[in-house]
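Q: I'm new to this one. Can you walk me through it?

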Amino acid sequence: MRKKLSERCSYPDKLQNMSIRGLKKKQPKTFKVKVVTMDAEMEFSCEMKWKGKDLFDLVCRALGLRETWFFGLQYTIKGMCTWLKMDKKVLDQEIPKEDQISFRFLAKFYPEKVEEELLQEITQHLFFLQVKKQILDEEIYCSPEATVLLASYAVQAKYGDYDPNFHEPGFLANDELLPKRVLRQYQLTAEMWEEKITAWYAEHRGIARDEAEMNYLKIAQDLEMYGVNYFPIAQSKNHTDLLLGVDAKGIHIYSINNRFSPNKSFEWSAIRNISYSEKELTIKPLDKKAEVFKFFSSQLKVNKLILHLCIGNHDLFMRRRKVDSIEIQQMKAQAREEKARKKMENQRLAREKQLREEAERAKEELERRLFQLEDEARQANEALLRSQEAAELLAEKAQIAEDEAKLLAQSAAEAEQERQRLEITALKTKEEKRLMEQKMREAELIAVKLVKESDRRAKEAEHLKQDLHEAREAERKAKQKLLDVTRLNYPHVARYPHHSPADTRDVNFDKGSVKLDLKDIDLKRLSFEIERERLDYLDKSKRFEDRLKELKSEIHALKLEEKQTGLYSHWNEVIGSLDCSLGHVPSWMKTFEAVDSLDINFQRPFPAYPLNTTSSWPCTNKNQCMEPMGKSPFQTDTLVASNVGTGTRKQIVKVQQHDSDVIYI
């Protein structure tokens, strides 16, 4: 009983241990794999027993790829690129022993016509990326013109339609679009290349991404090196002077320096058998009479790889020429439907885009129209405000004009009164002008008379000088005779020579003994005439001076009026003519001081030479002179002298004719 219970108790423990061991047996061992596609990297955990096909199918499912016959998993071992075999375990193949095994998911076989054979968009995209990389890496030769066109399709596939507002210069600076060989061949800047690519890119407007990629592949499939795998071979074991090319159409033999034009080609339809033994590979044509082609490769692995590629390309070549399988037919139908759907979608998108562009243009037009209307409304409001302001200004101007009209009417009345006053003033001015001209003519006549009178006085002064000289000569002779008689009759007088001649006047002598022939009567008569003429001249000068003062005051008053009536210039001419007419007055008489004053200053009409009565010589001592030199012209003074022998007193008149001559009568 205890044994049964112990067995019952240990049963769950046994069951638990069995389940743990079962789980451990069910969990297979795995290894990590990294698969790199043209635009992504993927990591997988693979079972140790997986074959190459298991890993390949897993990658294709991850990518959503159904056209699997074009692709394969490639790896590099000892510098040689090799494809993973589908029917052999992954770990049993000669792959790099690493913690994470790396494979490249690439196109292994190429279609003859990409547009017909590439059904899925993912297949097309992967081919596009791989062919583009081969062209940029110069594995496929392409002319410079074709590279620019292919680059424009690549830009269209990446960026969509060209928009100059968005795709500004320099937007392709970080993109690799041209082979380095082309960049080295032409010395163009990056901006110039971008300009050339953009010119083609702008023409691809409206092309979708898949269509741009397909156009890229259509151009690329016509290149000579497209889809060709090259291997170095030789017709003998020791030389490698040829290249073997395998593509979708057959096998081609190239020279080592020319990969474009094959020296010999074998189409798949003309090949009966391909075999190899170690390094030798044999191609047997279908025609038994044709020559069998044999060549040697560098390694056995190369022969295996060549044979593997030949088998795959031959199978695809034969498949293209057979009826499609149900799977292929379904894929083609789906591809056609997808293309039709995409075409309709693209058309719808294009139509919507066109409608959107039209709507945007209409919107822009409406916005422009709205802005224009707003601008017009703003201008209309401004014009209305300006018109209101103009109306207010016009009202103010009308009021101002009305006030000005009143002022003008008042001014017109005042102007009429002023005109009448001016007419009266003009008449008065004309009359005053006539009177003034008459007075000026009278003044000119008087001035002429004064000039003539001054000339006559100058002549008379010359005669007086001559008479004075004769009188002095006669006086000298009389004094000499008097001295001679005195020496004879009065000898004692000669003994006292210190006595002056004036002392001799007190000496009594007979009238008959000394006869002074002084012509007293003539001197008196001459003095009386001179005095009378002087008085007459003074009287006339005073009257003329008064007359000129009156003319001066009248001219000054008229000048103020003539400045307003424009006759001032005429008076200047008249006064100038008067000044010119008086310009020949002698230096001893200044008739006018200036035109404005017309002042008279009769100074010293005769030269004043003081003459001593006791001596005929001019007076040199100021104390002996009877009068100062600064007196007015024609001043008279009296001296008392004793007559010799009689004792009577006589009044003597002094006539100052010059500054240095004085005549005493």
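A: Start with Glu-338 and Arg-341: both lie in helix H10 (residues 326-489), three residues apart, about one turn of the helix. Helices (H or I, at least four residues) and strands (E, at least two) are DSSP runs, numbered from the N terminus. This is a predicted model: local features need pLDDT of at least 70, side-chain atom pairs count only at pLDDT 80 or more, and totals for chains, interfaces and linings use all residues. Residues are numbered from 1 along each chain as its sequence is written, and side-chain values use heavy atoms, with hydrogens and water left out.

Q: What do the side chains of Glu-338 and Arg-341 form?
A: A salt bridge, 2.1 Å from N to O. That term means a side-chain nitrogen of Lys or Arg within 4 Å of a carboxyl oxygen of Asp or Glu.

Q: Which salt bridge does Glu-453 form?
A: Glu-453 pairs with Arg-457, with the closest N and O atoms 3.2 Å apart. Both lie in helix H10, four residues apart.

Q: Are Glu-453 and Arg-457 buried or exposed?
A: Both are buried. Buried means under 20% relative accessible area, exposed over 50%, partly exposed in between (1.4 Å probe, protein chains only). Glu-338 is partly exposed at 32%, and Arg-341 is partly exposed at 45%.

Q: How many salt bridges in the whole structure?
A: The search finds 31. Glu-112, Glu-117, Arg-320 and Arg-321 are linked in a network of them.

Q: New topic: where is confidence lowest, and where highest?
A: Lowest in strand E13 (residues 638-642), at a mean pLDDT of 35, and highest in helix H4 (residues 121-136), at 94. pLDDT is the predictor's confidence in each residue, from 0 to 100.
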